[in-house]
Amino acid sequence: MTPPSYAEKLRARADAIATACVHAGEEIDPVTLGLDAPISLSSAFAFRDAAHARAAFEGRDDAYIYGRWGNPTVRALEAKVAALEGCEAACATASGMAAISGTILAICSSGDHVIAPRSMYAESARLLRERLPRFGIRTTFVDASPEAYAAALEPTTRIAFVETPSNPRLGVIDVAEVAARARAAGVLTVVDGTFATPFSQSPAALGADLVVHSMTKGMSGHGDVIAGCVAGPEALVSRVRDHVIKGTGAALSPFDAWLVTRSLRTLAVRQERACATAAELASWLAADPRVAVVYHPSLATHAGHEIAARQMHAFGSLLSFELAGADAIGRGARVLERVRIATHAVSLGDARTLIVHPASTTHSTMPPEARALAGIGDGLLRVSVGLESAADLERDLDAALGPAA
Ligand SMILES: *Cc1c(COP(=O)(O)O)cnc(C)c1O
């Protein structure tokens with residue numbers, strides 16, 4: 001029997017979660033019978049009587065009390081996220097950074113230690129490198145191998161933080177191996193799965209204790225909301241909820257929660273298409289002489305290909321590539337000026353294809369040697385593949401790449 005094609009694998013993954021995307025966490029409104037439950041904007045909820053209030057405060061009744069502590073629209077989103085991640089519980093947060101900082105602060109105290117990858121989302125790196133040390137929380141940054149994580153373990157290590165695939169070269173970390181070593185040392189593994197979305201990987205099934213996402217990206221998928229989430233076992237998620245939501249106030253607004261719930265209904269169809277287009281563009285770019293190297297986990301030449309093929313349902317919708325030839329900085333910037341369909345903007349996971357050239361923009365003030373150490377070549381372009389026609393995107397990039405140098 002021939003092995004399934006990538007298109008067949010994508011369809012199988014979409015089939016596995018499509019029903020949960022549409023139905024999980026959602027109920028027809030019992031009062032109006034509206035198919036879409038009304039957005040609940042109440043900041044406070046009435047008690048039926050004194051006994052009801054007492055039961056609510058003592059935690060014996062699941063009643064809503066106050067919007068920051070819980071809200072029906074937010075709770076519906078959390079139930080859908082938990083279902084999609086295959087986790088017992090999930091907590092929605094005001095942003096991806098609220099999910100990440102809140103998770104670390106809920107678990108770590110002064111004197112504790114975190115292990116994190118050298119290549120990670122810049123604001124997460126800053127949080128660990130510059131902000132948390134003020135509160136006595138130290139971080140060791142390691143290469144992406146499970147051996148490097150194991151070697152960095154200390155008696156006070158509380159979290160092995162993983163981001164996979166990672167920014168900007170789609171590095172892949174072996175979640176099962178990192179989690180197994182962490183667990184043996186009593187350390188929790190937290191995975192930032194933003195680049196993959198729950199469509200492309202299920203970190204909890206690989207052994208991760210908590211999964212965090214910026215739902216601003218592929219999960220919401222339309223570039224119209226800032227949101228985050230944390231998913232995992234109820235006991236851990238409620239610790240994070242108590243800290244992030246009750247304690248620091250990073251609650252997601254009901255309207256934003258409704259936007260994400262609405263978007264997650266189409267996660268399977270959106271990601272199936274974006275992942276297929278990304279793999280198609282990656283193999284087209286890999287064969288183009290104007291391109292020196294393409295980073296996408298679907299390519300056999302990619303350093304993380306084998307791990308990704310094992311641990312991911314799909315290879316994701318982000319890719320990056322390095323221009324070949326001289327004056328890569330100048331030519332990278334020209335690509336941004338020539339694209340007509342791809343849009344020059346930060347963020348990712350939008351319905352629009354987005355393109356960035358770190359060396360001439362976000363990382364232009366960094367010395368070239370430091371950029372190179374961070375894996376950001378002068379001609380590196382990162383593309384977040386959207387939902388446009390693959391042929392149109394190929395024509396757009398082909399024209400933008402211009403004549404060979
Ligand atoms: C965007 C992003 C974040 C931060 O999320 P916000 O919603 O912007 O706070 C964290 N991690 C990764 C990998 C991201 O791409």
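How much space lies in the second largest pocket?

Analyst: The model is predicted, so local features are taken only at pLDDT of at least 70 and side-chain atom pairs only at pLDDT 80 or more, while totals for chains, interfaces and linings use all residues. Residues are numbered from 1 along each chain as its sequence is written, and side-chain values use heavy atoms, without hydrogens or water.

The second largest pocket holds about 670 Å³ of space. A pocket here is an open set of points on a 1 Å grid over the protein atoms alone, with protein on both sides within 12 Å along at least five of seven lines, and its lining residues have an atom within 4 Å of a point; the volume is the space filled by probe spheres set on the points, which are joined across faces, edges and corners. The lining of this pocket is made up of 30 residues, and those closest to its centre are Asp 62, Trp 69, Gly 70, Arg 75 and Arg 241. Two or more lining residues come from each of α2 (50-57), α3 (72-85), β1 (89-93) and α10 (234-247), where helices (H or I, at least four residues) and strands (E, at least two) are DSSP runs numbered from the N terminus. Helix α10 gives the largest share of the lining, with 6 residues. By class, the lining of the second largest pocket has 15 nonpolar, 5 polar and 10 charged residues, with Ala, Val, Leu, Ile, Met, Phe, Trp, Tyr, Cys and Pro counted as nonpolar, Asp, Glu, Lys and Arg as charged, and the others, Gly among them, as polar.

The ligand is surrounded by 14 residues, of which Met 97, Asp 192, Ser 214, Thr 216 and Lys 217 are the closest; a residue is counted if one of its heavy atoms lies within 4 Å. Helix α4 (residues 96-107) supplies the largest share of this shell, 3 residues, and the shell divides into 6 nonpolar, 5 polar and 3 charged residues. A polar backbone atom of Gly 96 is 2.8 Å from an oxygen atom of the ligand, and a backbone N or O atom of Met 97 also lies 2.8 Å from a ligand oxygen atom. From Lys 217, a polar side-chain atom lies 2.7 Å from an oxygen atom of the ligand; a polar contact is a pair of N or O atoms within 3.5 Å. Taken alone, the ligand exposes 380 Å², of which the protein buries 93% (Shrake-Rupley method, 1.4 Å probe).

The largest cavity holds about 60 Å³, and its lining consists of Gly 221, Arg 270, Gln 271, Ala 274, Ser 317, Gly 349, Asp 350, Ala 351, Val 385, Gly 386 and Leu 387. These residues of the largest cavity divide into 4 nonpolar, 5 polar and 2 charged. In the second largest cavity there is about 40 Å³ of space, lined by Ala 342, Thr 353, Ile 355, Val 383, Leu 393, Asp 396 and Leu 397. The largest share of that lining, 3 residues, comes from helix α16 (residues 390-401), and its classes are 5 nonpolar, 1 polar and 1 charged.

A few backbone details complete the account. Thr 164 and Pro 165 are joined by a cis peptide bond with omega about -15°, and Pro 165 lies in the loop between β4 (157-163) and α7 (175-184). A cis peptide bond also runs from Asn 167 to Pro 168, with omega near -10°, and Pro 168 is likewise found in the loop between β4 and α7. Asp 327, a residue other than glycine, has a positive phi near 50° and is found in the loop between β9 and α14 (328-338). For context, most residues other than glycine have a negative phi, and most peptide bonds are trans.

How values were computed:
1 Å grid on protein atoms, 1.4 Å probe; cavity = no way out; pocket = protein on both sides within 12 Å on 5 of 7 lines; lining within 4 Å. Polar contact = N/O pair within 3.5 Å; in protein donor to acceptor, adjacent residues only side chain to side chain.
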